[in-house]
Amino acid sequence: MPSAKLENIFQNEQNIARPTAPPAEDSVELDVDDPFNTCYPNLPLIRCIEDDDASPASVSDVTEIDDEVNFELKRAFAVRSFIGHWDAVLSADFRNDLMISAGQDSTARVWRISTGEEIQSLRGHRDAVTSVCFVPVEVQPSMSERYGCHPNQQLCLSASLDCMLNLWLIDRGSKPLESLYTFCGITRLRCFACLTSGETFAIIGNQAGNIEAFDLSSFSLAFSTKAFSDEVVALNIDEQSRRLFAASKEGKFMVWNLVCTTANVGSPLKLENIYASERLHSPERQIIKPSCLKCAFGFSKPDITNGNEFIYMDRGVNLKSLDCATNRIMKLKNRVETGCVCGGIGHHEDYIFCSSFEPVEGVSHIHVRRRSTLRYITSVADDAARRISAIVCGIGDVSLGADRTSSVFRMVTVGSDLTVWNFFNPRSRKMLKCLSKWSDVIIYPERMSCMESDVDGTDDDDSDYEFLSSSEANFPDDASDYLEDSSFDDEDQCEVVHERFVEEEPSKSLCVFTSWYFLQNGRPLVFFELINMGPLKNGDVLSWEDTKQFSKAFRRSGIRQFIHHFPVMQKHSEDILKWGDELECMLVKFNHSKKQVRLLLKSGNLLAKLRKIEEEHVANGREDKLLCLWRPEYCSYMIENSPGQPFGCLSAHLNLLEKNMNARREDIKRFLGPDEKLLTLTAFPRLGCFPFTEPVYPATPGKGTCESYFFPDEVIQNFYPRFFTINKNLIQRRGAKPSIFVPIFQDKETPSPFAETFFDGLGGCEKGIEDHIFMDAMGFGAGCCCLQITFQACNMNEARHLYDQLTNIAPLMLALTAAAPIYRGLLSTIDCRWPVIMQSHDDRSMEELGIGRDPKHIRITKSRASQVSYYLSPAGKRFNDVPLEIDECFYSDLREGGVDDQLAKHIAHLFIRDPLILLQNEINDLDSVEDLEHFHNIHSSNWQTLRLKPPEVPIDGKSPGWRIEFRPCEIQFTDFENAAFTSFIVLLTRAILSLRLDFIVPMSKVNENISRAVGMNAAREQKFWFRKNFLPQEDDENFALARSVTRSAFHKCVSKGCACGDGDKTLIEEGDELIVVLPCAETDDIFPGLIPLIESYLNVVEVDVETYRTLGEYLRLISQRAAGQTLTPAQWIRNFVRSHPAYKQDSVVSEEITYDLLMTVDGLTEEENRDPLLFGSTRETCSASHLPASIKKVTSARFLDGVNA
């Protein structure tokens, strides 16, 4: 039948910190009436310039230095955070006014402390930078001379898990002076100047447990020794005793003398071991096996010959002290409140600084002790101080203006944040004035808390926790490794930080722990989160037989829930526009030496790490600062991401989308290995071709959950039982596993007929259909990635109107975004995933298919995953020309409950489906109407091209309102493309609402359009049914405006010289409506095309210049693709395969071809190249990370109300 090509349709063309929480039980009250008087008046004060009237000449060259850093004095802290790293900060060092930091984001950064300015970003590492340090002052001049730089220019070192040790010159470029590959990931780094020989050494500890030293004069290895069997977590040098202290994660401690002499053969530096830990014990002589060390600091006791001591933290709540002479470990209290966990350690002179983290409040405390006596002094905290993992201490300069400086004690804390703490006397007016301007917050002495020191290991505040076995605590078996005694038998706390415990048996409930988990007397404390996928709750999963038994009652409960809340939902209105996208991505791992690429089954591990950021934001009440959200998908190589917060009603929000997508991609990269990649690819070409996973798993035909010839059970995401259960119940409901058939592309050497036979190893076999690719698992459809767009409507009527208007847009977008021409390693004659999804999700029984039909069964014409079946708005009612199967009983209940006819039929149609998963607690709660959980169970398991989502309960103005989920788009290679199609749909909805446009065609024509959209090269070769007369009625208040915009769009199309083809000029009458199949022509009532229409709409509403330019590039991409000037991803993939030297014209996509294809796609993703066949004449956009301040204040930039804004 005549219809229009896509080109015709689209182209026709400062503050005081909150007091820390009161100490747990034992507290020491400070004298707040006289806060600045010293507690110990006989101790010397820190000298500061206090005379504001002092002559500048008299102090211009004076540098005041503290006589003593004394924490028994009541002093204040000036605190400032430094923002730049987008992931955890792992290390820092400072000298005078310069500071360097190392981050999980694979960068080191240089800061000017006095201004807070980031002056240099040291890039070049490919993994987390674990340690940084300045080159020792003693050798700075000689090394500067060696590299031809000024003696005052600072040199620093950085070490990373990528095995690289780099030497940098600060303030000069972004490339290292020297780089050294060390063959193992570096975890710790220290610099040591050997004054005897004049050499400087970088001493490192690595993941293999080795201690190595490198001569910086030649950047060569000086020595290497195998110290531990696990990674080194602590490494420090006692300069006075010239001893090296190290500790490993497994709980081993060692001490060496650093022997530095020119008499050493081969190297001027050698190690002489003087201590290795063994048979460590508590004061009660209980043998202790430390484990899971976080940090440690070793030092020599000056008054004891060969006396060495370690201060360390493990996963318990207490600080620990190890006396190397006696091997005795003593506990030291390290918390203000019950429930804290340990953080990091720092030291300066005779002081030790230890942090603890309170997970409920999300605040870290820093506790100060005397190093020589281990006596506790005080504690300090700041509201903004989140988890601290390391503390660096020393003396730093503070500028007082007019070339006047004062030296103060300074701490730098790293972890969740990078923070500088300056310790000063607040009675100094100059100092207070200066640091008040510099700091984010001043913490005064009365704001500091105290705890009673406990150095004998006998706490009496019940804050220690017992260890329990995994069976006593009802833990999964694989959690037992984390419940070993790390310090004392039954006396310390168990902490599990961001680990994931999963039950292997999918039929049972499971808990996923992604935060701190504590036990107190065998009772779990609530410091964990259960990852929830959809409406599913915790509980025992029912078998299919039990699910079938309760199906009718459960569905009726869902109907009752909807009827109960419908009166309020119906009136719910005045919601503003909020919208967002969901990108489903896949993880792959390249083997470059073998030219192989496999699907990487590690999304569950990544999710536990990625959600750490989300949990910290939620714990700190900073949900609005979340950059992105990460959620599990069906396969363990898939992961879904979306914006941290929905975008809003400003037109400039569209300009944030692409940068946000870029940031999401960067967010996950730091957790990936050098050969691991995140790709936005719809379908993995060799899914089902053994071996296609990393690690490798074989399929188990006739066994397991999938029973597949090609698809191993291990590929299913084990992060939640939902996926296993749905897969298993789908098979049992239909009575067989899915049978998916896709026509094969017949190339010159493709066998004709193409036929396959498969044997299950149990004596059975199965034959495919001739000339078709056979697949037999739900994962072939659910394992495809897509782009979904969700937007919130103002009210129910607007949501239903948009639902109908976008119904026929769905097949057009499916054709334009087509990106999946290869299945099971074979080229097919389809370009889209949709036929595979429809077949893989089809749970219809034989009776429902019409085979051996039982009159009691409803014959169902569509799969559970299919296109939209029914219009919901009054305007679409008469276009519902396709029979709709409904549950008559539910329809009657809905009508009696006050639901209108169309919506009642829509819901009664969805509820002909059985639930695919039920939990025991849901069955126990069938009479509940307080929420919509039972309704959502059925509603969310109907996978159609669009989904109308009702408001969330409770309906209180804070929860999301009526939403439409647009689901047909295939994921594109690049963020640019995905942002383009998302922005296009959002803009189209605004134009539809503002101009009251009408794109509805008969539902039968929509079904035809879907069938045409999935075919090979459909965007270029197929024609689609589309509405011609789309304007509102002439008596509509928007008619004149809509006509004006349409004429503007038409003339723009003509002036551009629309590249429309010779479309069929037949008009098909549908009452008084017409369906167009015309090329552009100079007639007022000819449809001008969606792209010119949106461009003209943008000219009517106010859009800032940068957003307009960005949207222009997006629209150019879509226009050129619709006109056939550029290729869809599917066409591009097909051309790539057929032109590959290894392709044998037999439709087979080999491992080599797949490797080269995905390497090229990765290059496109990283924007290493911009193939004009895909991107045409588009240029780089002006996408931004934040809204300009001016835009936020301009209300006319709103486009929720379109032209009326």
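The model is predicted, so local features need pLDDT of at least 70 and side-chain atom pairs count only at pLDDT 80 or more, while totals for chains, interfaces and linings use all residues. Residues are numbered from 1 along each chain as its sequence is written, and side-chain values use heavy atoms, with hydrogens and water left out.

I start with the glutamine. Gln805 is in helix H10, residues 796–807. Helices (H or I, at least four residues) and strands (E, at least two) are DSSP runs, numbered from the N terminus. Is Gln805 buried or exposed? Gln805 is buried, at a relative accessible area of 0%. Buried means under 20% relative accessible area, exposed over 50%, and partly exposed in between, with a 1.4 Å probe and protein chains only.

What does the side chain of Gln805 reach? The answer is the backbone nitrogen of Phe999, at 2.5 Å. Contact here means heavy atoms within 4.5 Å. With neighbours within four places in sequence left aside, Gln805 is in contact with Ile992, Leu997, Asp998, Phe999 and Ile1000.

Now the rings. Rings of Phe, Tyr and Trp (its six-membered ring) pair if their centres lie within 6.5 Å; planes under 30 degrees apart count as stacked, over 60 as edge-to-face, and the rest as tilted. By this rule there are 31 aromatic pairs. One of them is Phe77 with Trp421, edge-to-face, with 5.9 Å centre to centre and 90° between the planes. This pair links distant parts of the chain: Phe77 is in strand E4 (residues 76–81) and Trp421 in strand E31 (residues 419–424), 344 residues apart. Phe77 counts as buried because its relative accessibility is 2%, and Trp421 counts as buried at 1%.

Next come Phe590 and Tyr1155. Their ring centres are 5.9 Å apart and their planes are at 80°, so this pair is edge-to-face. Phe590 is buried at 3% relative accessibility, and Tyr1155 is buried at 7%.

Ring pairs also join Tyr709, Phe710, Phe711, Phe741, Phe758, Phe774 and Phe780 into a cluster.

Last, the charges. A charge sits over a ring if NZ of Lys or CZ of Arg is within 6 Å of the ring centre and within 35 degrees of the ring normal. Arg80 lies over the face of Phe82, 5.8 Å from the ring centre. The charged end of Arg410 sits over the ring of Phe94, at 5.7 Å from its centre.

Definitions and conventions: Polar contact = N/O pair within 3.5 Å; in protein donor to acceptor, adjacent residues only side chain to side chain.
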